Amino acid sequence: MFKQLPAEKLRADRLVMGLRFDLLSLFTTLALLSTTTTVLSDVILSRVDRRFRNYADVTYPFLQIDLTSQIARVTSTLKVENAGPGPVSEILLTFPEVQAKDLAYLMAALNEGKGKVKNSGISLPINVVNPEGMPPSLIFHSVSLPTALGEGDSLTIDVLAVFTHALRAFPEEITQADTQLVLFQDTAHYLSPYAVNIQSLSVKLPKSRIESYTKLENTNIHGSDINYGPYENLPSFSYAPVVVHFETNQPFAVAQELVREIEISHWGNVQVTEHYNIVHGGAKSKGEFSRLDFQARPHLRGASAFRNLVAKLPPRAHSIYYRDEIGNISTSNVWDDPKKTELLIEPRYPLFGGWRTTFTIGYGLPLQDFLFESEGKRFLDFSFGSPINDLVIDNLIVKVVLPEGSTDIFISTPFPVKQEQETKISHLDFVGRPVVLLEKTNVVPEHNQYFQNYIVGLLDVFEDDFEKKPFVLQVYYKFNSLSMLMEPFILISGFFFLFVACIVYVHVDLSISKSSASYLAKMQWDEVRATIQEVQSIINQCLSTHEKLEASLRDLSRTGDVQACKTSRKAADSLLKEYSKELKPLLSFLQSSPQATQILPKVEELVARERELQERLITKHSTIVDCYEKKIGGKELENRVASQQQKVVVLKQEVEDLLDYIEEI
């Protein structure tokens with residue numbers, strides 16, 4: 001038993017009060033209805049057998065199933081008798097409004113008895129109706145009989161009703177160590193506008209642990225089953241509310257949104273991509289989560305969580321992948337045999353109540369297993385819902401991507417869906433591929449019917465197919481087989497024009513004409529740039545010669561050899577004269593070239609500063625040599641050359657700055 005804290009106790013009391021209020025208001029409405037409303041017809045339900053179940057793997061709706069997972073399925077066997085004089089062509093099914101809002105799937109079919117369903121491939125048409133004088137708290141569905149029921153005649157009908165979110169977590173929040181308890185409410189008496197001669201009810205629970213249940217007359221428990229009845233001679237709209245509080249730790253996997261994209265390629269492949277947004281819809285987890293406790297004792301410290309999901313894919317599925325936003329998820333396994341392919345999906349972490357995860361699975365299928373041809377017709381046979389076992393889908397979007405060139409698209413569905421059409425642009429497409437978009441809410445495994453895409457010329461050929469296949473979703477469209485050659489033609493044309501362009505590029509001279517103005521301007525600028533580089537080289541040679549003069553003065557101060565210093569001076573004078581001669585034609589060319597207009601002033605300034613520097617150095621050199629010849633030294637020597645030395649330093653810096661400036665240009 002759960003030990004509830006005061007806040008939890010308050011929420012629990014509110015939930016129970018809400019259930020009681022719903023049941024009380026409905027019971028009051030039905031009590032007034034039974035006393036004021038006339039019988040709709042002379043139909044009598046001579047026997048009603050009901051079984052409530054949650055079933056983890058429904059392969060056919062006529063199985064007798066119970067309440068063992070999050071999906072509540074109700075199977076009712078009704079023996080209908082016509083006690084009046086007139087024929088009866090329809091039977092009304094009644095659901096309380098509080099229950100009808102969770103109704104996801106409803107089907108009725110004829111039963112031959114002994115567990116066999118008559119014409120099992122065909123279900124009876126069901127429509128929502130609003131009989132006059134009935135309160136809005138009741139929802140009526142009309143089941144159309146294949147033939148009118150005459151006076152005194154009888155037949156047996158099997159009815160399957162599937163409900164989602166019918167099990168309410170109680171308490172609403174649990175810790176990691178707690179087990180999950182849920183509440184389920186319904187009526188022990190079969191709610192019907194007709195009188196019932198005899199009726200029984202069996203509630204199958206997942207475990208024998210039952211916290212509490214409503215005790216009525218003729219109630220007994222056998223293992224995990226709660227049996228009510230039989231009850232005899234029940235009037236119309238008889239209602240006996242029951243509430244069952246029991247333990248269930250089955251996965252409450254709810255896909256808040258599932259987007260399935262089925263892309264058809266007539267080149268031999270059907271590509272399926274499914275995007276899931278899944279949440280654990282059971283009791284919400286509270287408190288801290290311990291990975292250590294969960295790994296050590298998962299059945300005790302995580303009984304309400306689920307660690308994996310199983311998807312039953314069609315046989316011969318290939319190129320299967322399972323990934324999320326982070327990347328590929330390696331915790332998955334695949335088992336295949338000639339009849340099916342099972343994909344075990346394990347999320348990155350266990351999912352407790354309220355936790356969610358998103359992921360994508362994709363796989364390819366051989367086209368010949370799903371695309372068929374008969375009498376000039378092509379049709380694709382594929383399932384509608386999710387391949388994951390026992391998954392509730394709040395919002396399902398199915399996109400069927402047809403080949404480019406498909407026209408005259410027509411859609412027929414076995415149950416109401418929102419229909420749209422859009423276009424998908426893919427590789428090598430001209431106008432895009434038509435996409436049939438189908439959207440449905442509150443989807444259960446029973447909706448996982450196979451649908452067919454027929455490729456036909458005229459739609460009226462298939463009028464008989466509509467009658468023979470009421471559970472088939474069909475997408476009709478025209479498709480010209482020649483359209484399949486469009487993509488190869490585009491590829492061949494693309495490579496052809498690529499090779500032609502390469503041939504033209506190799507054999508055509510794309511260089512700029514030598515007589516054009518732009519080419520001449522470029523050539524002139526190249527000559528100007530080469531000339532400036534020669535000027536820079538000569539100036540750098542002059543600076544090197546200046547360094548040699550400075551070095552001779554340093555040798556003079558160290559050795560006192562005046563004759564050697566004069567020899568160095570003569571050699572430097574000779575070099576500087578040669579450099580000056582070389583600069584003259586270069587400057588003349590720059591002065592005559594229009595391309596050098598902007599840079600010429602800086603070049604002339606550079607040459608002028610170098611000549612001034614040259615003169616200052618020679619003057620300094622002569623002064624120092626004269627002083628050494630006259631035996632003048634010390635402070636007097638320094639005073640004579642001080643002003644000249646300062647000017648030399650300034651001029652050197654100016655020359656270097658001008659060289660850097662010209663180099664940048």
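1. Let's start with Asn233, which sits in strand E15. Helices and strands here are DSSP runs (H or I with at least four residues for helices, E with at least two for strands), numbered from the N terminus. Asparagine 233 is not a glycine, yet its phi is positive, at about 55°. For background, most residues other than glycine have a negative phi, and most peptide bonds are trans.

2. Before going on, a word on what we are looking at. This is a predicted model, with local features needing pLDDT of at least 70, side-chain atom pairs counting only at pLDDT 80 or more, and totals for chains, interfaces and linings using all residues. Residues are numbered from 1 along each chain as its sequence is written, and side-chain values use heavy atoms, with hydrogens and water left out.

3. Back to E15, which covers residues 225-234. Proline 230 is in this strand too, and the peptide bond joining glycine 229 to proline 230 is cis, with omega about 10°.

4. Who pairs with E15? Strand E12 (residues 195-204) runs antiparallel to E15, joined by seven bridges; two strands count as paired if DSSP finds at least two bridges between them. Within that pairing, serine 202 has asparagine 227 of E15 as its bridge partner. Strand E14 (residues 219-222) also pairs with E15, again in the antiparallel sense, over four bridges. Here histidine 222 stands opposite aspartate 225. The E14-E15 hairpin has two residues between the strands, and glycine 223 takes a positive phi near 65° there.

5. Proline 171 belongs to the loop between E9 and strand E10 (173-174).

6. Strand E9 also takes part in an open sheet of four strands, ordered E9-E11-E16-E13 with antiparallel pairing. Strand E9 (168-169) and strand E13 (210-213) are at the edges with a single partner strand each, so one side of each has no neighbour in the sheet. E9 is joined to strand E11 (residues 181-187) by two bridges, running antiparallel. Arginine 168 has leucine 183 in E11 as its bridge partner.

7. There is also an open sheet of seven strands, in the order E21-E24-E18-E17-E27-E30-E29, and its pairing is mixed. Its edge strands are E21 (318-323) and E29 (418-424), each pairing on one side only. From one strand to the next the twist averages 15°, using axes that are lines fitted to C-alpha atoms (for helices over the stretch in contact), with angles from 0 to 180 degrees between N-to-C directions. Inside the sheet, E18 (residues 269-280) and E24 (residues 356-366) run antiparallel with eleven bridges. Asparagine 269 stands opposite proline 366 in E24.

8. On the surface, Lys577, Lys581, Lys584 and Arg611 gather in a patch of positive charge. Helix H7 (residues 562-592) gives the largest share, three residues, and lysine 584 is found in this helix. Patch residues have over 30% relative accessible area and no salt bridge, with like charges joined within 9 Å and nonpolar side chains (Val, Leu, Ile, Met, Phe, Trp, Tyr) within 5 Å. Areas are Shrake-Rupley with a 1.4 Å probe, and for residues only the protein chains shown count as cover. A salt bridge puts a side-chain nitrogen of Lys or Arg within 4 Å of a carboxyl oxygen of Asp or Glu. Lys and Arg count as positive and Asp and Glu as negative, leaving out His and the chain ends; charges are placed at NZ of Lys, CZ of Arg, CG of Asp or CD of Glu.

9. Finally, Phe496, Phe497, Val500, Val504 and Val508 make a nonpolar surface patch of about 460 Å². Phenylalanine 496 lies in helix H5 (residues 486-507).
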